Amino acid sequence: MKKIHIILATLLLWVISACDDDSAAEKKYKGKLTVTVNTSADLWDSDNRYPFIDSEGPHTLASTSADPKDGTWMYPEVGGIYWYTAGAGRTGTCGVDDPGVEDLADTEISAGDIGDRINVVYLYSTLGERSVSTPVLYRGVSSSNPSTITIGNIAPGDYYIVAFYDYNSGGNRENLLNRYDRYSFYDTAHEGTGTPFVNEADTVTVNEDSHEITLTIDADWALGRPKYIADFGRGFMNSDPGDDDRPNTAVPERDVTCP
């Protein structure tokens, strides 16, 4: 019996030691990234951050009570450009809603739709067409704007960086980046601003060092694609989506208005 107690005690000490080793391994990395996030003032208002609901009813960015589309998410006006394929028997007009198609522009805002209206930074090792295509490896949040978000204890590697303004509720604990949210990728061609196009995103190589970058979140850089495309509600914009059956979600680079 005594031998059994000795063996159990030895095993317990080994388990505790292993746990300590794991804990030490988790804290050994010196890689650090500091991201300054500048969300558009059109979104981040000191009194009523967009979107908001006031006494006259729900309003979206650039919406007024006289606007016939007041109370909807106004997706075409924030980068959701409709391009219908020839196979669909029609062509769309940039930035103009087609009343015959159910899409994001037809969705009304309610109090439960509004996100936390905070700035968030996510790090990915790879990117897909959607915000949920690959796992988020590191994250940081801030309730101020401009935000200075520092993420430490980063393992050596190459990381894609996306900052976003939590405009719309949804997602889950692991990934809040949801359709309608405004976002910006790190892009070496546009230092200090970034890009909304997933195909233009660049990585930052993190070792045992620190990096500082700045990302600007434009009010028109909205996540999401037309609703009739199954499972693409969290799609990133792409300036070169390729020749396929999906609408071209590209908007003119650095000038998010219709051509």
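**Entry 1. Sheet**

I began with an open sheet of 3 strands, whose order is E6-E1-E10 and whose pairing is mixed. I noted that strand E6 (147–154) and strand E10 (210–217) stand at the edges with a single partner strand each, so one side of each has no neighbour in the sheet. From one strand to the next, I found an average twist of 20°. The model I am reading is a predicted one.

I then looked up the pairing of E1 and E6, which is antiparallel and runs over 6 bridges. I recorded that Val35 stands opposite Ile149 in E6.

**Entry 2. Chain as a whole**

I listed 1 helix and 10 strands in the chain. Along the sequence, I read the pattern as α-β-β-β-β-β-β-β-β-β-β. The chain has 259 residues, and I found that buried residues make up 44% of them. I also looked up the contacts between residues at least 6 apart in sequence: 67% of these join residues at least 24 apart. For the accessible surface I noted about 13,100 Å², with 51% belonging to carbon and sulfur atoms.

**Entry 3. Aromatic pairs**

I found 7 aromatic pairs in the structure. One of them is formed by Trp44 and Tyr165, with 5.6 Å centre to centre and 55° between the planes, and it is tilted. I placed Trp44 in the loop between strand E1 (31–39) and strand E2 (52–54), and Tyr165 in strand E7 (residues 157–165), so this pair ties together parts that are 121 residues apart in sequence. I checked the burial of both partners: Trp44 is buried at a relative accessible area of 12%, and Tyr165 is buried at 0%.

Tyr138 has a relative accessible area of 19%, and I counted it as buried because the limit is under 20%. Tyr159 is also buried, with 5% relative accessibility.

I noted one aromatic cluster made up of Trp44, Tyr165 and Tyr167. Over the ring of Tyr167 I found the charged end of Arg182, 3.9 Å from the ring centre.

**Entry 4. Backbone**

I kept in mind that most residues other than glycine have a negative phi and that most peptide bonds are trans. I therefore recorded the departures from this general rule.

I found a cis peptide bond from Tyr50 to Pro51, with omega near -10°. Pro51 lies in the loop between E1 and E2. I found another cis peptide bond joining Asn145 and Pro146, where omega is about -5°. I located Pro146 in the loop between E5 and E6.

I then turned to phi. Arg117 is not a glycine, yet I read a positive phi of about 55° for it. I located Tyr180 in the loop between E7 and strand E8 (182–185), and I recorded it as buried at 7% relative accessibility.

Technical notes
Residues numbered from 1 in each chain as written. Predicted model: local features only at pLDDT ≥ 70, side-chain atom pairs only at ≥ 80, totals over all residues. Heavy atoms only, no water. Phe/Tyr/Trp six-rings, centres within 6.5 Å; stacked < 30°, edge-to-face > 60°. Helix = DSSP H or I, 4+ residues; strand = E, 2+ residues; numbered from the N terminus. Buried < 20%, exposed > 50% of the residue type's maximum accessible area, 1.4 Å probe, protein only. Lys NZ or Arg CZ within 6 Å of the ring centre and 35° of its normal. Contact = heavy atoms within 4.5 Å. Areas by Shrake-Rupley, 256 points an atom, 1.4 Å probe, with all protein chains shown as cover. Pairing = 2+ DSSP bridges. Axes fitted to C-alpha atoms, helices over the stretch in contact; angles between N-to-C directions.
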